[in-house]
Each structure stands twice: as C-alpha cells, then as structure tokens.
Amino acid sequence: MALALPKSKLYEANANSTEVWQADLKKLFHHTRERYPDVVWEVSEDGETDVEEVYGHKAIVYSRAPTSFQAQYFSFRPAPSATPDPYRDSPGPEQSSYSLSLNLPSPTGSLMPDFERGASPSSQRGDGILRLATSHNPALFSNQLEYLYTAQGMGEAFEFLFDAPEQRDYHESEEDRIDKLRKDLCYMWRARLFSDVRIALTGDFRKSDLPAEAEETAVVFFSHRFVLVSRSPYFHKVLQSSFQRPASPVDGSPLTLHLPSTAFTPASLHWALGFMYSGTLSFSHRTFDLDTAFAIYRSAQYLLIVSMRLEVEAYVVEEMLHGLFHAYLTLAEYEKITAGKWGVGGCRCRQCQRRVPRVLEFSQAPDIGNKTLDRGAMRGLVGMFGEGWCTSEFAALSTKTRALVLNGLKKRTTPQNIFPLLFASEAALARLEGINDAWQDSIHDLVSRAQKTIDEVMCDQSDACFEQQEWLEIMDSDGTQFQDLDRVSWIMSSVLRGLSDTNAPRVYQTLVSSVLLRPNPSDASTTILPTNSPVRARVEETRMEIIRWLRKHWMNVKLAGGFDSLQTWSLTEIGHGMHQFM
C-alpha cells in the first residue's frame with residue numbers, strides 16, 4: 001500500500017487559521033452582549049410573559065441574513081442619529097483603497113432592508129442599542145442568529161426556513177457555507193456596514209506602500225470593534241481593558257485608533273484586517289511580495305494573531321521560496337533525507353538566490369527571531385554556494401552573518417561534496433569577473449576563503465576524495481564529456497593549492513595508485529586511463545609538480561612526519577623523483 005504524501009505546512013496553517021477563525025466567531029456570538037452590540041431582540045413565545053434578550057450586530061444581519069429573515073425579525077423604523085446609513089458620506093478620511101480593492105459582490109439574498117416598510121415594535125434607549133420585540137422560541141431564534149455568525153448550528157434547516165425554494169441549494173457543502181461566510185464578512189468590512197472604529201497609521205511610508213492615487217487618507221481604515229476584539233488579543237486589550245480604554249469622540253463620530261508605522265504599512269494592515277474578517281490570507285485575488293509578507297508578519301506579531309503569523313510564514317517558505325531547503329525539518333531529519341549531500345535539499349533558482357538572503361536578514365532581526373526561517377535560510381545560503389553568492393542581496397548581509405554562512409559551508413565540505421563544491425567555487429569566481437559593483441571584492445574574498453577549505457580537504461583526505469563518483473565518471477569517460485577537461489584542470493589546481501607538509505606525500509601516493517595505476521574494470525592488465533589520455537597527461541603534470549614541491553620542502557615535510565605513513569613503493573618513487581630533479 002502506497003504511503004500518502006504528507007500535507008504541506010501551508011495547508012496545515014490554512015486549516016489552523018480557519019479553525020481559529022471559526023472558534024473566534026463562535027466565541028463572539030456567545031459573548032455578543034460584551035462586544036459592542038447595537039441591536040437586541042426581546043424574544044418571547046406567544047402567550048408567555050418571560051422575555052429573553054438576544055444581542056447581536058446590525059452589520060452581521062445586513063451582510064448575512066436572507067431577505068426573509070430580515071423582513072421577519074429586522075423590520076423597523078430607525079432613528080437616523082443612532083443607526084447611521086453605512087453608505088452615507090462619512091466625516092473625516094475616506095476608506096483606504098487597499099480596503100476597497102476586494103471587489104467582492106454583495107452577498108446574494110442579503111440586501112439592505114427597506115427602512116420605510118411596516119415597523120415591528122422597536123425602541124432606542126440611551127445606550128444606543130436598538131431594541132426589537134418578537135414572538136418566537138428564544139432557543140430557536142438564538143440558533144438561527146448563531147448560524148449568521150458561524151455558518152454552523154442550523155445548516156440546511158436555516159436555509160429551509162428563510163430561503164425561497166428556487167434559491168435553495170440542497171447540495172451546499174460545509175466548505176461552501178464557510179466560503180460564503182468569508183465573502184459576507186469581507187463584504188461587511190469593504191462596505192463599512194455600521195463601522196464604528198477607524199484605524200489610522202502614523203508615520204512616513206514609502207511610495208511603494210501606497211496606491212498610486214494615495215493621499216493622507218490612504219492610511220485610514222474602517223472596521224468594527226466587535227471583530228477587532230474577537231480576532232486580535234491586542235485590540236481586545238486596548239478596547240476592553242479597564243485601564244486606559246480609549247474614549248469615544250464626543251461628536252458621535254467613530255472612535256479612531258492609531259497604530260505605529262514601525263509595525264505596520266498600509267498594505268500589511270489591509271491584509272491583517274482581511275485576515276481578521278475572513279480567517280485567511282487568501283481572501284483577495286491580489287497577491288503580495290516578499291517585503292509585504294515581512295510587514296504582514298510584523299503586523300501579526302504586534303496584533304498577537306498567532307494563526308496569521310504561522311500562515312504568512314508558511315506562505316513565504318512554500319510559495320515564495322519553494323520549500324526553503326526543508327525549513328520545517330530538524331537537522332537530523334534534513335540530514336536523513338539529504339544523506340549529507342550538498343546542494344540537493346532545496347531550490348537554487350534565481351528568484352530564491354535573491355530572496356533567501358533577505359529572509360535570513362529578516363529572521364535574525366531583534367524583533368523577529370524566527371527559528372524556522374533562520375534555519376531554512378542558512379541551509380539555503382550554504383546550498384547556494386557558488387553563483388548564488390554573487391548577488392547584491394547576499395553581499396548586503398552583515399560581515400558576521402556571511403561568516404556564519406561560511407562556517408556552515410565548511411561543515412558541508414566533506415569528501416562526498418568536494419567536487420560539486422569545487423566546481424561551484426570556480427563558477428562563482430568566473431561570475432565575479434563580469435561584475436564591477438563595489439561589493440565584488442568582498443564576495444571574491446569570501447569565495448576564495450571557501451575554496452581554501454575545499455583545497456585543504458581535497459589534499460588532507462585525498463584517498464576518499466578520489467573515490468567519489470564525480471571523479472570516477474571523469475576517468476571512465478576519459479574526459480570526453482562537456483567541461484570534463486576544465487574540471488580536471490580545476491581539480492589538479494586545487495590539489496596543488498592544498499599541499500602542505502603533512503599531506504603532500506600522501507597526495508602523491510593517491511594520484512599514482514588511485515588514478516594513474518587504477519586498473520581498467522574490463523581488463524585488469526591495463527589502466528583505466530590509456531597512455532594517450534588527456535586526463536592522464538594533466539595528472540602526470542600534477543605528479544611532477546608535487547615532486548618539485550617536495551624537493552623544496554622536504555626537510556619541513558620530514559620534520560612534520562609527512563613521509564611516515566607512506567607505502568614503501570611510494571617513498572622510493574618520491575626519492576627517485578627528487579634525486580632526478582637534484
């Protein structure tokens with residue numbers, strides 16, 4: 001039986017956001033009385049004297065309830081000063097164009113009521129709450145109202161009671177109801193239905209954060225207090241805390257809350273409000289770039305909305321950075337799937353090369369400290385060694401951060417990775433030759449330092465390095481494949497650069513035994529490299545260069561014990577070679 005593929009973290013984050021959103025809406029309904037209600041139904045059954053009060057919000061009813069429900073339970077003659085028309089010209093700033101960009105159609109079957117139709121018994125008291133009297137079973141009425149808030153509880157029964165038969169969808173799924181709830185609440189926000197609070201951003205914003213036609217009014221958003229306190233612990237504390245609760249304006253205009261530009265941009269606040277109303281960042285057909293994603297993350301942290309922070313994090317990892325080198329895996333899990341191999345655990349496309357350094361910088365910011373993004377970005381920059389380091393974004397990282405990346409690369413510089421890393425370093429140096437920017441020298445120095453480590457491992461562990469598949473394939477093809485001869489030259493140059501007093505004799509022995517004398521698998525009487533092989537010729541040149549090097553350094557090599565572990569034939573051959581040059 002085939003194993004099912006694991007669900008992505010973005011899928012899990014979206015599901016979690018929806019679950020939290022539904023729970024918040026359910027809690028809102030059960031605590032409506034404490035969350036700025038503007039309508040209350042005094043419900044009693046026919047012939048009963050006991051009256052039960054059911055609190056609600058006009059905006060929810062207008063945006064969600066079928067016309068028949070509104071006609072039966074919400075027909076009244078309002079007092080204009082207490083129940084303002086949400087479509088009138090509002091005093092002060094207009095709604096942000098970000099907030100009006102959803103272009104969602106108004107919910108079907110949920111129309112603004114005719115204020116002049118026959119009135120039900122209603123009254124308005126000093127608390128500004130509209131009171132309506134109705135004869136109905138209180139429990140059933142409460143269940144019907146709960147469906148408007150949560151799309152749960154009544155289900156088909158609600159639609160059956162209030163929808164016309166021709167409008168009824170008998171096959172509507174739970175997912176369809178949730179989707180309709182999202183759209184209805186977004187419509188409520190976009191249309192400013194009985195909005196009672198304004199959110200203003202203070203500070204200077206980049207032009208890219210504002211629409212082309214933006215003025216100062218573009219940083220003011222309209223919202224509903226009952227949504228804010230239900231979806232954001234920050235707003236709940238600000239609006240409902242007994243300490244320093246903001247006072248409503250004496251002129252009756254909506255309360256204005258101010259948020260700092262250090263944690264918000266107009267774009268990020270737009271996405272944050274949309275998330276609070278819809279329970280997802282996918283509430284709009286518009287998308288956001290990486291800078292806006294960072295701003296949304298900061299906004300989520302400020303507003304203490306964990307589900308939004310997790311969702312934007314997953315979106316950055318999976319959609320914007322193609323998995324970010326398995327950022328969600330621990331080191332042990334990552335090593336297990338990559339088997340310690342460099343460059344195979346993630347995407348190295350041009351887009352990722354430019355974005356990963358920015359993600360690392362963001363993740364390490366003092367106010368962020370995101371371990372998942374930091375882990376994935378560090379892996380990514382190590383995995384992108386080579387041309388991936390030849391970008392202005394990588395060069396913009398601090399010297400300390402680049403040193404950490406280089407240290408991570410050193411840990412990956414092992415015999416099994418030695419040739420891919422060497423080839424990547426040569427590609428980087430070639431790329432840098434065509435760059436004239438100020439940062440070219442610093443990156444050239446960093447790549448050279450990485451190459452120095454590669455050279456040292458090449459020589460210190462030459463026995464293991466020259467048994468790797470990349471080298472064996474070059475020998476097997478005798479350098480006939482594309483770039484093979486270039487690669488042989490790079491490898492031999494690396495060998496000469498990495499020679500030291502302790503490893504030079506061992507390198508000589510390896511080149512002779514594992515390369516020049518390596519038997520042909522199909523004919524043990526011959527070597528795998530024929531006498532006229534271009535690969536053999538280049539290795540022979542390197543062998544002679546090592547003899548010359550040993551002749552100059554033989555005393556230091558002897559003192560360092562470099563000759564001690566050699567086989568007898570190798571020691572004899574080196575001695576004859578050195579004597580020949582003498």
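Guide: A residue counts as buried under 20% relative accessible area, as exposed over 50%, and as partly exposed in between (1.4 Å probe, protein chains only). This is a predicted model, in which local features need pLDDT of at least 70 and side-chain atom pairs pLDDT 80 or more, while totals for chains, interfaces and linings use all residues. Residues are numbered from 1 along each chain as its sequence is written, and side-chain values use heavy atoms, without hydrogens and water.

Visitor: How many aromatic pairs does the whole structure hold?

Guide: Rings of Phe, Tyr and Trp (its six-membered ring) pair if their centres lie within 6.5 Å; planes under 30 degrees apart are stacked, over 60 edge-to-face, and the rest tilted. The search finds 23 aromatic pairs. In one of them, Trp 271 and Phe 288, the ring centres are 5.0 Å apart and the planes stand at 75°, so the pair is edge-to-face. Trp 271 belongs to helix H9 (residues 266–278) and Phe 288 to the loop between H9 and H10, 17 residues apart.

Visitor: Are Trp 271 and Phe 288 buried or exposed?

Guide: Both Trp 271 and Phe 288 are buried. For Phe 423 and Trp 490, the centres are 6.0 Å apart and the planes at 50°, so this pair is tilted. Phe 423 sits in helix H17 (residues 418–433) and Trp 490 in helix H21 (residues 484–497), 67 residues apart. Phe 423 is buried at 12% relative accessible area, whereas Trp 490 is partly exposed at 21%.

Visitor: Which residues do ring pairs link into a cluster?

Guide: The cluster consists of Trp 189, Trp 271, Tyr 277, Phe 283, Phe 288 and Tyr 315.

Visitor: How many salt bridges are there?

Guide: Side chains of opposite charge can pair when their charged atoms come close. The criterion is a side-chain nitrogen of Lys or Arg within 4 Å of a carboxyl oxygen of Asp or Glu. The structure has 25 salt bridges. Among them is Arg 358 with Asp 291, whose closest N and O atoms are 2.9 Å apart. This pair links helix H13 (residues 350–363), which holds Arg 358, to helix H10 (residues 290–303), which holds Asp 291, across 67 residues. Arg 358 is partly exposed at 27% relative accessibility, as is Asp 291 at 34%.

Visitor: Which residue does Arg 412 meet in a salt bridge?

Guide: Arg 412 meets Glu 335, at 2.5 Å from N to O. Arg 412 lies in helix H16 (residues 399–412) and Glu 335 in helix H12 (residues 331–338), so the bridge ties together parts 77 residues apart in sequence. Arg 412 is buried at 13%, and Glu 335 is partly exposed at 29%. Elsewhere, salt bridges join Glu 42, Glu 53 and Arg 131 in a network.

Visitor: At what angle do the axes of H1 and H4 cross?

Guide: Two packed helices are described by the angle and the distance between their axes. Helices are DSSP runs (H or I, at least four residues), numbered from the N terminus. Axes are lines fitted to C-alpha atoms over the stretch in contact, with angles from 0 to 180 degrees between N-to-C directions. The axes of H1 (residues 9–30) and H4 (residues 138–150) come within 9 Å and cross at roughly 145°. With contact taken as heavy atoms within 4.5 Å, Leu 25, Lys 26, Leu 28, Phe 29 and His 30 in H1 meet Ser 142, Leu 145, Glu 146, Tyr 149 and Thr 150 in H4.

Methods: Helices (H or I, at least four residues) and strands (E, at least two) are DSSP runs, numbered from the N terminus.
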